[in-house]
Amino acid sequence: MIFDIITIFPEMFASVFSGGVVRRAVDKGLMEVRVHDLRDYTHDRHRQVDDRPFGGLEGMVFKPEPVFRAVEALRGSAPARVVLLSPQGRKLDPRLAEDLAGCPRVILLCGRYEGVDERIVESLIDEEISIGDYVLTGGEPAAVIVVDAVSRFVQGVVGREESVRHDSFAEGRLDFPQYTRPRDFRGMKVPQVLFSGDHARIGRWRLKKALEKTLARRPDLLDRILTPEEREILEEIRNERKEQ
Ligand code: ADE
């Protein structure tokens, strides 16, 4: 899978992708992340990528010419999904990340300033993606997040153990708590059930903890079809709350 990132701040990406899981995936040849300077696709002396908006407003807007040139040059003849990072986009979630991981090539265009000329949105890009309901100063941090979130769904990038944990979120729950050594840290003890060796009991305890946390912090995630076990445990949690 290849990511082509188009940005006016290529230097922002150097350190983020120089370590961690994405770096490992690149080293293993599972992914490629290429960063392109939008200014390389300008033809004027000032390498101008933006201009004042028609109709009069403060700020600057990306001009269509360099962006069209960049995307057309990178796309070449191979099919690629062209994404604009912007707060107006579809919100990134595990389903979208998994879907992008299935594309052999994704071009990420990092928006800037007050936005981009609407003709870019209408005629060049396939979709807009947002990472959340807040406005960043540019699309660069969002592009990093998209690459990272998508990498976990690229075959071979993360081990089986981690994918199992991701499933828990994709299934619409927050994670259960995890513990490691020591068993007793400053008097804070690891729950006894985890030493029981009874995997069914541990599984049920984890599911209950995950549901308790989800109910407290993200009840919206539970507006879906629940499994019979989830329904039973939620009932149990509600009854315990009533008793308190
Ligand atoms: N650019 C500015 N804000 C953004 C956001 N929330 N998501 C994606 N790109 C952005």
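1. Ground rules. Because the model is predicted, local features need pLDDT of at least 70 and side-chain atom pairs count only at pLDDT 80 or more, while totals for chains, interfaces and linings use all residues. Residues are numbered from 1 along each chain as its sequence is written, and side-chain values use heavy atoms, with hydrogens and water left out.

2. The sheet. Five strands form an open sheet in the order E2-E1-E6-E5-E7, and their pairing is parallel. At the edges are strand E2 (32-37) and strand E7 (127-130), each of which pairs on one side only. From one strand to the next, the twist averages 35°. Strands (E, at least two residues) and helices (H or I, at least four residues) are DSSP runs, numbered from the N terminus. Two strands pair if DSSP finds at least two bridges between them.

3. Pairing of strand E1. Strand E1 (residues 2-7) runs parallel to strand E6 (residues 105-110), with five bridges between them. Within this pairing, Asp-4 has Ile-107 of E6 as its bridge partner, and Ile-6 has Leu-109 of E6. E1 is also joined to E2, in parallel, by six bridges. There, Ile-6 stands opposite His-36 of E2.

4. Pairing of strand E5. E5 and E6 run parallel and are joined by five bridges. Leu-84 stands opposite Leu-109 in E6.

5. How enclosed are E1 and E6? Five of the six residues of E1 are buried, so the rest of the structure largely encloses this strand. For E6 the count is six of the six residues, so E6 too is largely enclosed. Both faces of E6 are covered: Arg-105, Ile-107 and Leu-109 are buried on one side, and Val-106, Leu-108 and Cys-110 on the other. Buried means under 20% relative accessible area, exposed means over 50%, and partly exposed lies in between (1.4 Å probe, protein chains only).

6. Contact means heavy atoms within 4.5 Å.

7. His-36. This residue lies in strand E2 and counts as buried because its relative accessibility is 14%. The side chains of His-36 and Asp-4 are joined by a polar contact of 2.6 Å. A polar contact is a pair of N or O atoms within 3.5 Å; within protein, one must be able to donate a hydrogen and the other to accept it, and residues adjacent in sequence count only if both atoms are side-chain atoms. Not counting residues up to four places away in sequence, His-36 touches Asp-4, Ile-5, Ile-6, Thr-7, Tyr-41 and Leu-74.

8. Is Arg-81 buried or exposed? Arg-81, in strand E5, is buried, with a relative accessible area of 17%. Leaving aside neighbours within four places in sequence, the contacts of Arg-81 include Asp-99, Arg-105, Asp-126 and Glu-127. Arg-218 sits in the loop between helix H7 (199-217) and helix H8 (228-243), and at 33% relative accessibility it counts as partly exposed. Beyond four places in sequence, Arg-218 touches Leu-174 and Lys-213. The C-alpha atoms of Arg-218 and Gly-172 are 9.6 Å apart, although 46 residues separate them along the chain.

9. The ligand site. Which residues are closest to the ligand? Of the 13 residues that surround it, the closest are Ser-86, Ile-131, Gly-132, Tyr-134 and Leu-136; a residue is near a molecule if one of its heavy atoms lies within 4 Å of it. A polar backbone atom of Ser-86 is 3.2 Å from a nitrogen atom of the ligand, and one of Ile-131 is 3.0 Å from a ligand nitrogen. For Tyr-134, a backbone N or O atom lies 2.8 Å from a nitrogen atom of the ligand. Taken alone, the ligand exposes 260 Å², and the protein buries 97% of that (Shrake-Rupley method, 1.4 Å probe). E5 and E7 each supply at least two residues of the shell, and E5 gives the most, with three residues.

How values were computed. Axes are lines fitted to C-alpha atoms, for helices over the stretch in contact, and angles run from 0 to 180 degrees between N-to-C directions.
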